[in-house]
Amino acid sequence: FAELSRTSPAAEKHATKIARSVARCATNEPTFTLQQTVYFAWALARLYDISAVRSDGKVQPGFARFKDLIVDQALPGVQELTTKNLAMICWAMAHLQKVKSKRDVATLLHRVGFDAMTRGLPKFLPGELSSIVWALNKCQTPYPEFMLAFKEYAMFKKMVGFSSQDLAD
């Protein structure tokens with residue numbers, strides 16, 4: 001469902017039906033691996049990006065439960081994720097942040113930033129780092145230590161390898 005078309009009202013109606021079905025499954029306890037959790041979060045965020053889905057009242061409770069489950073499952077396993085998966089979970093959480101739920105995404109984003117600094121920023125692709133920076137900013141999650149480390153690293157690299165999208169982020 002992450003790749004649903006947004007090109008027409010009919011496509012949005014179809015996406016909303018799918019989102020409602022997904023939301024109804026939230027009462028089940030999914031047993032995802034950590035990587036599956038990341039990919040599910042990304043797909044859920046893509047679906048939530050569709051305005052008709054975002055505004056549907058029947059979708060909200062299920063998506064809120066899934067958001068909480070994603071944060072709860074991803075948080076203790078951050079250090080086990082690949083750099084790509086860390087960027088993906090940040091992107092997903094930035095898009096799901098407005099889903100009203102019990103869990104705030106700030107703790108997970110801070111944990112990702114801390115993990116990135118622990119691993120060393122050179123182990124990340126520029127786009128991956130940009131995704132983390134973008135998510136922290138989008139979610140209004142201050143993390144001055146990470147931002148300073150990112151700034152110093154980007155300046156050291158003279159922004160080499162950063163795409164125009166990375167720079168915009």
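**Salt bridges and surface charge in a helical chain**

Me: At 8% relative accessibility, Asp115 counts as buried. What do buried, exposed and partly exposed mean?

Reply: Buried means under 20% relative accessible area, exposed means over 50%, and partly exposed lies in between (1.4 Å probe, protein chains only). The areas come from the Shrake-Rupley method with that 1.4 Å probe. Of the 169 residues in the chain, 46% are buried. This is a predicted model, in which local features need pLDDT of at least 70 and side-chain atom pairs count only at pLDDT 80 or more, while totals for chains, interfaces and linings use all residues. Residues are numbered from 1 along each chain as its sequence is written, and side-chain values use heavy atoms, with hydrogens and water left out.

Me: How many helices and strands does the chain have?

Reply: Helices (H or I, at least four residues) and strands (E, at least two) are DSSP runs, numbered from the N terminus. Here there are nine helices and zero strands.

Me: What radius of gyration does the chain have?

Reply: The value is taken over C-alpha atoms, and the globule rule is 2.2 Å times the number of residues to the power 0.38. For 169 residues a compact globule would be near 15 Å; the chain has 16 Å, which agrees.

Me: How many salt bridges are there?

Reply: Side chains of opposite charge can pair when their charged atoms come close. The rule asks for a side-chain nitrogen of Lys or Arg within 4 Å of a carboxyl oxygen of Asp or Glu. The count is three. One joins Asp115 to Arg119, at 2.5 Å from N to O. Asp115 and Arg119 are four residues apart in helix H6, so about one helical turn separates them.

Me: Which parts of the chain does the pair of Asp56 and Arg20 link?

Reply: The closest N and O atoms of Asp56 and Arg20 are 2.6 Å apart. Asp56 sits in the loop between helix H3 (51-54) and helix H4 (60-74), Arg20 in helix H1 (residues 9-24), 36 residues apart. Asp56 is buried at 10%; Arg20 is partly exposed at 30%.

Me: Where do Asp72 and Arg103 lie?

Reply: Asp72 and Arg103 form a salt bridge at 2.7 Å, N to O. Asp72 is in helix H4 and Arg103 in the loop between H5 and H6, so the pair ties together parts 31 residues apart in sequence. Asp72 is partly exposed, at 37%. Arg103 is partly exposed too, at 32%.

Me: Which residues gather in a patch of positive charge?

Reply: A patch takes residues with over 30% relative accessible area and no salt bridge, joining like charges within 9 Å. Arg54, Lys98, Lys100 and Lys138 gather in one on the surface. Lys98 lies in the loop between helix H5 (83-96) and helix H6 (106-119). Lys98 is exposed, at 61%.

Conventions: Patch = residues over 30% accessible without salt bridge, like charges linked within 9 Å, V, L, I, M, F, W, Y side chains within 5 Å. Lys, Arg positive; Asp, Glu negative; His and termini not counted. Charge placed at Lys NZ, Arg CZ, Asp CG, Glu CD.
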